Amino acid sequence: MCRNIKPLFNFEPPATRDEIHDAALQFVRKVSGSTRPSRRNEAAFDRAVMAITASVHELLDAMETAQPPKNREEEAEKARARSTARFARAEA
């Protein structure tokens, strides 16, 4: 999976529309192999982003968990620590 797509479920505050749209856009970019579609493909690209955005909204609204919501800042710090460790090993 693309490293730029982040988990969006069970956070406090919940994922925003922009976060969901950005994840959908990144997914479509990855699948299509293009960061910017040609004019000929732009409509199809945009429809795919809108459809995936809607599907993710539906998914997140339907999912349930007994776990307490995750803190965004704590999760971001964990991700930074993993990244630091990963790149420190690569440099060694």
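A salt bridge here is a side-chain nitrogen of Lys or Arg within 4 Å of a carboxyl oxygen of Asp or Glu. With that in hand, I opened the model.

**Entry 1: ground rules**

I am working on a predicted model, where local features need pLDDT of at least 70, side-chain atom pairs count only at pLDDT 80 or more, and totals for chains, interfaces and linings use all residues. Residues are numbered from 1 along each chain as its sequence is written, and side-chain values use heavy atoms, with hydrogens and water left out.

**Entry 2: confidence**

I looked up pLDDT, the predictor's confidence in each residue from 0 to 100. The protein chain averages 91, and 92% of the residues score at least 70. I take helices (H or I, at least four residues) and strands (E, at least two) as DSSP runs, numbered from the N terminus.

**Entry 3: salt bridges**

How many salt bridges does the structure hold? I find three.

Glu75 and Lys78 make one of them, at 3.3 Å from N to O. Both sit in helix 3, three residues apart, about one turn of the helix.

Glu77 and Arg80 form another, at 3.1 Å from N to O. This pair is also in helix 3, three residues apart, about one turn of the helix.

Glu19 bridges to Arg72, with the closest N and O atoms 2.9 Å apart. Glu19 lies in helix 1 (residues 17-32) and Arg72 in helix 3, so this pair ties together parts that are 53 residues apart in sequence.

**Entry 4: accessibility of the partners**

My scale is buried under 20% relative accessible area, exposed over 50%, and partly exposed in between (1.4 Å probe, protein chains only). Glu19 is partly exposed at 28%, and Arg72 is partly exposed at 24%. Glu75 is partly exposed at 22%, as is Lys78 at 44%. Glu77 comes out partly exposed at 44%, and Arg80 is partly exposed at 44%.

**Entry 5: a positive patch**

Which residues form the positive surface patch? I noted Lys6, Arg82, Arg86 and Arg89. Patch residues have over 30% relative accessible area and no salt bridge; like charges are joined within 9 Å, nonpolar side chains (Val, Leu, Ile, Met, Phe, Trp, Tyr) within 5 Å. Lys6 sits in the segment before strand 1 (11-12) and is exposed, with a relative accessible area of 51%.

Notes
Accessible areas come from the Shrake-Rupley method with a 1.4 Å probe; for residues, only the protein chains shown count as cover. Lys and Arg count as positive and Asp and Glu as negative; His and the chain ends are not counted. The place of a charge is taken as NZ of Lys, CZ of Arg, CG of Asp or CD of Glu.
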